[in-house]
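These are my notebook entries on a structure that I looked through. I set down what I looked up, entry by entry.

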Amino acid sequence: MTAPTTTAAREGGRWIEQWDPEDETFWREKGERIATRNLVFSILSEHIGFSIWSLWSVMVLFMGPEYGVDAAGKFFLVAMPTLVGGILRVPYTFAVARFGGRNWTIISAATLLVPAVAAAVVMEPGTSYTTFMVVAALTGVGGGNFASSMTNINSFYPLRKKGWALGLNAGGGNIGVPVIQLIGLLVIGTAGAAHPRLVLAVYIPLIVVAAVLSALFMDNLAPVRNDSGAAKEAARDAHTWIMSLLYIGTFGSFIGYSFAFGLVLQNQFDRTPLQAASLTFIGPLLGSLIRPVGGRLADAHGGAKITLWNFAAMAAATLVVVYASAQKSLPVFLTGFIALFVLSGLGNGATFKMIPGIFQAKALARGLAGEEAASYGRRLSGAAMGLIGAVGALGGLGINLVFRESFARAHSGTPAFVSFLAFYAVCSAVTWAVYLRGTRPASAPAPGAEPDTHDPRPERQPAYADV
C-alpha cells in the first residue's frame, strides 16, 4: 500500500495508486485517516452543491406580484432544477473514474459559480419567465454533485462502514437545503423581500472556498477506473431499477418536499413569504441530520428491514398530513409534514446503504470471496449509484408536478398527498416482496466446490435481508 503520491504520468495532482480498505491493517494504519479527510471536504463541496440546487426554492419566496409569476409558474421553477440535476447525476457518476475524485470535485464545485452569478444578474422584476426558467435549470449542476460525491466516497470506505460514511456524506450535503433557506429567512427578515441578491453574495465566495479546499486536501484513487461494462451490467440488473423506485420514495420525497414546502404553505395556508420562510427550513434540517442515523441503523440491522418499517411510518405520517390538509389545521399539518421529512431522511440513509450490500450479496452468491467479492461489489454498486441517484432525484420533479396539478385543479394539496400515500404503500410492498420475503442466507461454496448454478431462483439466493 502506498500513501498519496504525485506522479509525472498523471496530470491533475494527488493520486493514490493502491487502495484496499477491506484490509484491516491498511485501514487502521493509513486508510481511515485518508478516507476521513476526503469525506470532510467532499461533504463541504456537496453541501454547497445542494444549496445551489435548492436556490430557487428560496428565490420564489422573494418573487412578489411585481414579478408576474403565479403559483403554477413557481412550482415549475422549483421543478426545473430537479429535472436537470437528476439527468446530470448519470454523467457525474462516471466523471469520478474519468477525471479522479479530487479533480472532479474541484471542477463540479467551480461550476456552481455559473448558476449563482446568473441568478444574481437576473433576479429582479421585469425579467422574462423564460429567462428565470433557464437560470433555474442551470442550478441543476448542484444536484449532479451528489452522484459524483457519493460514488467517490463509496470507493474510499470498506463495506462495514459504508452506511455511516455515505450517510454522513449525503446528510452533510442534504443539510445545504435548510441552510440556504435559513439564509433566505435571514435576508427577508432583515433586509426585506426586495433584496434576493444578498443570498448570492453569501454563496459566491463559499463556492470559491470549497473548490480551493478540495484542491488542497482531497485525493484521486487510481484503482477507480471508468468501466463501461459495469455501467451496462448495472443497467441490466433488475435490482438497480427496484432500488431506483425505493429511492424515489425516500430521496425523491426529501428533495421534492424541500423545494415545494414554502409554496405549499403560501398557497394552502396563506402564509406570507416571511412566515413561510420561517418554517420551511425545519423539515429539511431534521431530515438531513437524521440521514447518517439511517445509515448506522442499516449497518446494524439491515437496510431492507429499516427501509420497510420506514415506508410504513411515512404512510402513517402522510395520513396525518391528509387529515390536516383537509381540515386546514396548520399545527397538525406541520407535525405530519415534518415527520415526513425526518422519515425521508432516515430512509435515505437506509436505502442507499442497501446498494453496496445487494451487490456484495450477489458476489457471494456467485461463489466469489474476499477481495474478489469486494471488488465486484464496489464495481457494480458504484455504477448503480449514479443511475439510482438520478431516478431518485427525478422523483422530486414528480412531487412538484403533482403539487402543481393538485393546486390547479382542487386548490388544495390534499389530492397530492393521497397519491403520495398510495406510492409509499407500493414501496413497502416491493421492499418486503423482493428483499425480505423468503430470503435465505447466502454462503460461499466449500473450497474446491463449484458454485451452485441450478437454483431456480438465482436472484433470491443472496441474503438480501442483511443488506
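I took contact to mean heavy atoms within 4.5 Å. The model is a predicted one, in which local features need pLDDT of at least 70, side-chain atom pairs count only at pLDDT 80 or more, and totals for chains, interfaces and linings use all residues. Residues are numbered from 1 along each chain as its sequence is written, and side-chain values use heavy atoms, with hydrogens and water left out.

Entry: proline 223.
I looked up proline 223 and found it in the loop between β2 (220-221) and α11 (228-236); helices (H or I, at least four residues) and strands (E, at least two) are DSSP runs numbered from the N terminus. Setting aside neighbours within four places in sequence, I find proline 223 in contact with Ile16, Glu17, Gln18 and Trp19. Proline 223 is partly exposed, because its relative accessible area is 44% (buried is under 20%, exposed over 50%, partly exposed in between, with a 1.4 Å probe and protein chains only). I also checked glutamate 124, which is 99 residues from proline 223 along the chain, and the C-alpha atoms of the two are 48 Å apart.

Entry: aromatic pairs.
Rings of Phe, Tyr and Trp (its six-membered ring) pair if their centres lie within 6.5 Å; planes under 30 degrees apart count as stacked, over 60 as edge-to-face and the rest as tilted. Phenylalanine 337 and phenylalanine 417 have ring centres 5.7 Å apart and planes at 85°, so I recorded the pair as edge-to-face. This pair links distant parts of the chain, 80 residues apart, with phenylalanine 337 in helix α16 (residues 330-365) and phenylalanine 417 in helix α18 (residues 414-436). Phenylalanine 337 is buried at 0% relative accessibility, and phenylalanine 417 is buried with a relative accessible area of 0%.
Phenylalanine 403 and phenylalanine 417 also form an edge-to-face pair, because their centres are 5.3 Å apart and their planes stand at 75°. Here phenylalanine 403 belongs to helix α17 (residues 370-410) and phenylalanine 417 to helix α18, 14 residues apart. Phenylalanine 403 is buried, at a relative accessible area of 0%.

Entry: charges over rings.
I counted a charge as over a ring if NZ of Lys or CZ of Arg is within 6 Å of the ring centre and within 35 degrees of the ring normal. Arginine 296 lies over the face of tryptophan 164, 4.0 Å from the ring centre. The charged end of arginine 98 sits over the ring of phenylalanine 99, at 5.2 Å from its centre.

Entry: helix α5.
Which residues of helix α5 (residues 113-122) are buried? I listed Pro115, Ala116, Ala118, Ala119, Ala120 and Val122. What covers them includes α1 (24-53), α2 (55-62), α4 (101-111), α6 (129-138), α7 (141-156) and α10 (197-217).

Entry: positive phi.
I noted phi near 55° for lysine 328, a positive value in a residue other than glycine. Lysine 328 lies in the loop between α15 (303-327) and α16 and counts as exposed at 54% relative accessibility. Histidine 411, again a residue other than glycine, has a positive phi near 55°. I located histidine 411 in the loop between α17 and α18, and this residue is exposed, with a relative accessible area of 62%.
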